[in-house]
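Welcome! Please take a look at the sequence and the 3D view, and then let us walk through them together.

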Amino acid sequence: MSNASSSTRSSSASAADIRRWRRFLADERAEAAVYRDLASRRTGEERAILLALADAEKRHETHWLELLGDRVGAPRRGDIRTRLLGFLARRFGSVFVLALAQRAEARSPYEADVDATSAMAADERIHEEVLRGLATRGRNRLSGTFRAAVFGANDGLVSNLALVLGISAAGVSTGTVLVTGLAGLLAGALSMGAGEYVSVRSQRELLEASTPNPDARNALPHLDVDANELALVYRARGMTADEADAHATEVLGDLATGAARPAAAASDVDEYESVGTGLSAAVSSFLFFASGAVIPVLPYLFGLSGTTAVVVAAVLVGLALLGTGAVVGLISGAPPLRRALRQLAIGYGAAGATYLLGLLFNTGAL
């Protein structure tokens, strides 16, 4: 929007337009503050990127200030979502906050607003991708342990609820239900922990076995140049025969002229951080399975029995499933409500089927 058209639009603005512009101005200021708060908890490149996003929001703020002119009015607060995001950014600054900010940028109304420029709408789209990239770094750092934690908690919730409901429906005593639930908790937690350790450890070993050995470079000066077996290495890694021959000739030529590339410096960064470590995955899986599996048992631990205990257990597990589903949705950038309802439907479906089987066995016993 040019200065002339901006001036014309400003002079013809209605009261509703003024209110909308003021709201956009407040939101832009609040979003810039969020990025500055996030930047204050980071260093290096991530800090620079977040400060650049804050500067971009400042440009958007200037646009609304120009439209409002002398009708800016008293400073307003941003919407409730932006204020909540700012609160979390000041206190945590984690990948969880980045994921929330990513979703906030995705909800930008500028594409449909006649007073926002196309450049502003494009900025918001790009901001979403920038935040997605920053959040991905954090997701990679926690994905191995987080995966084990989420799967462990959900498995504990669903499997022990199904066990408790099934055994309750079969008509056994409250004491038997309690002992069965606690046994299911311990057995499941140990099984999950051991399974995660073996799974993650095996995955890391497979990846490490597929990584080129840097010591193999020491053999290059002693290769038979005429045979040029180095080309076989590059062909095995996916190059065509001609590409492999050309690359091998280049590498050997560098060696002959003393222009060989220096070996890469050792890095402290774990290149398999997205996989996680076997021990961290095992401990997370054990603890979170146990924390999930204890919830269906709580009514029986507090002396409830019969239908009351079943209903309370189902409600508690349902709330927990909604919570874990929403967290997964938020961190992954997906709609949290949809993920929460999906978790609830899957969990209740499994537990309901087991409860019906328990009723069937109880009827058969009679």
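## The overall plan

From the N terminus on, the elements of this protein run α-α-α-α-α-α-α-α-α-α-α-α-α. In other words, the protein has 13 helices and 0 strands; helices (H or I, at least four residues) and strands (E, at least two) are DSSP runs, numbered from the N terminus. What you see is a predicted model, in which local features need pLDDT of at least 70 and side-chain atom pairs count only at pLDDT 80 or more, while totals for chains, interfaces and linings use all residues. Residues are numbered from 1 along each chain as its sequence is written, and side-chain values use heavy atoms, with hydrogens and water left out.

## Inside and outside

How much of the protein is buried? Of the 366 residues in the protein, 39% are buried. Here buried means under 20% relative accessible area, exposed means over 50%, and partly exposed is in between (1.4 Å probe, protein chains only). The protein exposes about 19,800 Å², and carbon and sulfur atoms supply 61% of that area. Accessible areas come from the Shrake-Rupley method with a 1.4 Å probe; for residues, only the protein chains shown count as cover.

Contacts tell another part of the story. Among contacts between residues at least 6 apart in sequence, 74% join residues at least 24 apart, where contact means heavy atoms within 4.5 Å.

## Two helices side by side

Let us turn to α2 and α3. Their axes are 8 Å apart, and the two helices pack at an angle of about 165°. Axes are lines fitted to C-alpha atoms, for helices over the stretch in contact, and angles run from 0 to 180 degrees between N-to-C directions. This angle makes α2 roughly antiparallel to α3. For such labels, angles under 35 degrees count as roughly parallel, over 145 as roughly antiparallel, 65 to 115 as roughly perpendicular and the rest as oblique. The crossing of α2 and α3 is left-handed, a term used if the near helix is turned anticlockwise from the far one by less than a right angle (right-handed if clockwise).

Now find E31, which sits in helix α2 (residues 15-40). Is E31 buried or exposed? E31 counts as buried because its relative accessible area is 18%. Leaving out residues up to four places away in sequence, E31 touches E57, T82, E105 and E124.

## Salt bridges

How many salt bridges does the structure hold? There are 11 salt bridges, each being a side-chain nitrogen of Lys or Arg within 4 Å of a carboxyl oxygen of Asp or Glu. One of them joins the side chains of E61 and K58, at 3.7 Å from N to O. Both residues lie in helix α3 (residues 44-68), 3 residues apart, about one turn of the helix. E61 is buried, with 8% relative accessibility, whereas K58 is partly exposed at 46%.

D123 forms a salt bridge with R59, and the closest N and O atoms are 3.8 Å apart. This pair links distant parts of the chain: D123 belongs to helix α6 (residues 118-169) and R59 to helix α3, 64 residues apart. D123 is partly exposed, at a relative accessible area of 21%.

E129 and R132 are 3 residues apart in helix α6, so about one helical turn separates them. E129 is partly exposed at 42% relative accessibility, and R132 is partly exposed at 31%. Salt bridges that share partners join E111, R125, E128, E129 and R132 into one network.

E128 also lies in helix α6. With a relative accessible area of 10%, E128 is buried. Apart from its neighbours within four places in sequence, E128 is in contact with Q102, E105 and A106.

L356 is found in helix α13 (residues 336-365), and at 56% relative accessibility L356 counts as exposed. L356 and G166 are 190 residues apart in sequence, and their C-alpha atoms are 7.3 Å apart in space.

A74 has its place in the loop between α3 and α4 (80-91). A74 is exposed, since its relative accessible area is 61%.
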